[in-house]
Protein chains: 2
Amino acid sequence: MTKKKVTIKDIAKVAGVTATSVSLALNNRPGLGLKTRQKIIAIAEELNYRPDLVARSLINRKSQTLGLLIKNVSDPFFAHLVDDVESVAKDSGYNVMVCNVHNNRDLEKRHIEMLVGKRVEGMIISSVNFDARHIRSLVEDEFPFVLVNRRVYDPEIANRINHVIVDGFEAGYQAIEHLYRLGHDRIAVLTGTLKSSANIEKTNGVKKAMHDRGIFPDPRFIIECNNSKREAYNAARNLMRMENPPTAIFAQDDNMALSAREALLQGGIRIPEDMALLGFDDIEVSSLTGIELSTIREKKPSMARLSVEILIDLIKNSGSNKPRLPKQIVLKTEHVIRKTCGFYLKGYVR
Amino acid sequence: MTKKKVTIKDIAKVAGVTATSVSLALNNRPGLGLKTRQKIIAIAEELNYRPDLVARSLINRKSQTLGLLIKNVSDPFFAHLVDDVESVAKDSGYNVMVCNVHNNRDLEKRHIEMLVGKRVEGMIISSVNFDARHIRSLVEDEFPFVLVNRRVYDPEIANRINHVIVDGFEAGYQAIEHLYRLGHDRIAVLTGTLKSSANIEKTNGVKKAMHDRGIFPDPRFIIECNNSKREAYNAARNLMRMENPPTAIFAQDDNMALSAREALLQGGIRIPEDMALLGFDDIEVSSLTGIELSTIREKKPSMARLSVEILIDLIKNSGSNKPRLPKQIVLKTEHVIRKTCGFYLKGYVR
DNA sequence: GAAAATAGCTTAAACGTTAAAGTAATTTCA
DNA sequence: TGAAATTACTTTAACGTTTAAGCTATTTTC
């Protein structure tokens, strides 16, 4: 059985003082004589005392903890986000509770309630479905949070929300432009979940770019793959088997791109000779020799860093009631041209 | 400013009852009339009440939370571990707090204290340096925890600790045997941190296998790369530039193997023709077409699943004081033969 | 119809900590 | 020298919940 925890009272008893004095001593606060102070500290050390952060949280309404909601950590994009968020948060003395939400709206809601219940001081949310109700209640409660890579359209709250996103529209637009200039006009797009603003906007950019260039794609070319590897794999396999297949695929994240790549290569399709491939995110794998996926990535400073900084600022100022404008940051993207888009094969042809 | 939270007392006031009644109603416990019960629930709903889990934790000494210590989540091996642990834990109603420890013993200690302070009910530790003091104090406090992929040698506590590990010795032994049978006797080994039991044991297996086969490796062939990509990259580059280089490299994790691969390929070395390469872990990337890293992996059921199950069992029974033998599980490994070890090139030659 | 049981609620205490206010002894300094 | 200030501590209450025990009025039992 777990041994009984040593509390401040146990120390007090041994030291012959009151719990308050122990608290003062251990927290290094004035109002106590040097001798008593040292005695208390020694006893605490001796008894191997560890403060109960739960009790402390309860009384000062702080937890020194941030919540982070993501899709799932085994996706390298999010893993990297977690890492960055944690390291920036740590510099300000915050711990991070990570929750995997798995495209499950109900799970997201439960996790948000759990985090609020655990008194996290703020949240970074990178998982939210764009019309999520629960976000609204966070806004109404004036709970500090920042959306990352997601935005909310709900007009009643949209301009009260802090977010850090990439310019998905432009990225989508330029993706198509890039492929178009490489000579493609039969371009398939594997979209992420269209419940997420990031993917909606990329898709809008894609459509606008196509429209501007007079491309009217086969509707079967725009496939919602929900950021799922399996779905992307299947979609690519179906595409390549069409009687009149596309000549390029733009996958809205690198995971899907790599899965499509597997499908194509296994089907004997050469990349980029037979099919150009363009991803999004520039996860680490994409740069490996033999993979060399052409892709698009956010420019620095990272969404992770920015969002934590905004969040902490938000928390710090959440006492004051001067209304502050929400920070809504849109990061630009940049192309990382490697081998799979075919640029190095033939360059731009138009 | 964050709005004031609705508490049980607020509900009580509105309902004209006492806090106790509210608690009874919301927790669905007997001792209340149906009408009052319904009224209270309605009001709670109305006020958008969310229980304060901190207060609840304080009183029932439970947090419904497990701690998980890993090196860092952006390493796919650990990301996968996190994912598995979380999903198994969730099935039993536990949340998971993940802490990245980054090879930093002090950080590990602080994280452990934080987790204990936050009253996690148990921990899964996959980060610990084999001689870590802090583990000892967990043992002394009879705090429930399970080591994953790590074991502790300290004889005073070694047989009181629960762990789930892979048979590193055998894996290391067989790695060398495999390469040897493929014709190699100049084999370099990129080890993980030798502060971790997992790597120590792999290395012992390696040495034994070499010894048994009369191989006395150039000491410059055994390189501690600390599971670092950069170090593995540099090590591989140095190896290939030697006047009498090895003909095979065994990297003790796939990350290092892939980094070594980069170095070799960039240096014009063909894999496996000029240099065979064998990894460990079988992370997802390793199977991608064009990578096809030969590697070694744990057999199912996964360490993650087993460890959570053991931990939860431990927690459940931590009230009873019948002493239970610690569970110490050693998983076998299996080879995943792909292209980089050269098996498919020439098969075993001895 | 009196004793016993029950239903429906309340009171009080507890979890481990911190904050605010209070008290007694000591020091300061005009 | 004596009022004011300071020091070194203690007392009390609070954070939001749960729980054991208590109370009262009603119902059941035989």
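How many residues of chain B are in contact with chain A? The count is 48, and they meet 48 residues of chain A. This is a predicted model.

## Chain A

Chain A has 13 helices and twelve strands. Its radius of gyration is 26 Å, whereas a compact globule of 350 residues would have one near 20 Å. Along the principal axes, the C-alpha atoms of chain A fill a box of roughly 85 × 45 × 35 Å.

Of the 350 residues of chain A, 47% count as buried. Take the contacts in chain A between residues at least 6 apart in sequence: 70% of them join residues at least 24 apart.

## Chain B against chain A

Consider again the 48 residues of chain B in contact with chain A. Five elements of chain B give two or more residues each to this side: α4 (53–60), α5 (76–91), β2 (95–100), α6 (105–117) and α11 (254–266). α5(B) gives the most, with six residues. By class, the side of chain B that touches chain A holds 21 nonpolar, 16 polar and eleven charged residues.

## Around DNA strand D

DNA strand D is surrounded by 25 residues. The closest are Gly33(A), Ile59(A), Thr7(B), Ile8(B) and Ser23(B).

Chain A supplies at least two residues of this surface from each of α2 (19–26) and α4 (53–60). α4(B) gives the most to the surface near DNA strand D, with five residues. That surface divides into ten nonpolar, eleven polar and four charged residues.

Definitions and conventions. Residues are numbered from 1 along each chain as its sequence is written. Chains are lettered from A and ligands numbered from 1 in the order in which they are written. This is a predicted model: local features need pLDDT of at least 70, side-chain atom pairs count only at pLDDT 80 or more; totals for chains, interfaces and linings use all residues. Two residues are in contact if their C-beta atoms, placed from the backbone, lie within 7 Å. Helices (H or I, at least four residues) and strands (E, at least two) are DSSP runs, numbered from the N terminus. Ala, Val, Leu, Ile, Met, Phe, Trp, Tyr, Cys and Pro count as nonpolar, Asp, Glu, Lys and Arg as charged, and the others, Gly among them, as polar. The radius of gyration is taken over C-alpha atoms; the globule rule is 2.2 Å times the number of residues to the power 0.38. A residue is buried if 20 or more other C-beta atoms lie within 10 Å of its own, exposed if 12 or fewer, and partly exposed in between; C-beta atoms are placed from the backbone. A residue is near a molecule or strand if its C-beta atom, placed from the backbone, lies within 6 Å of it.
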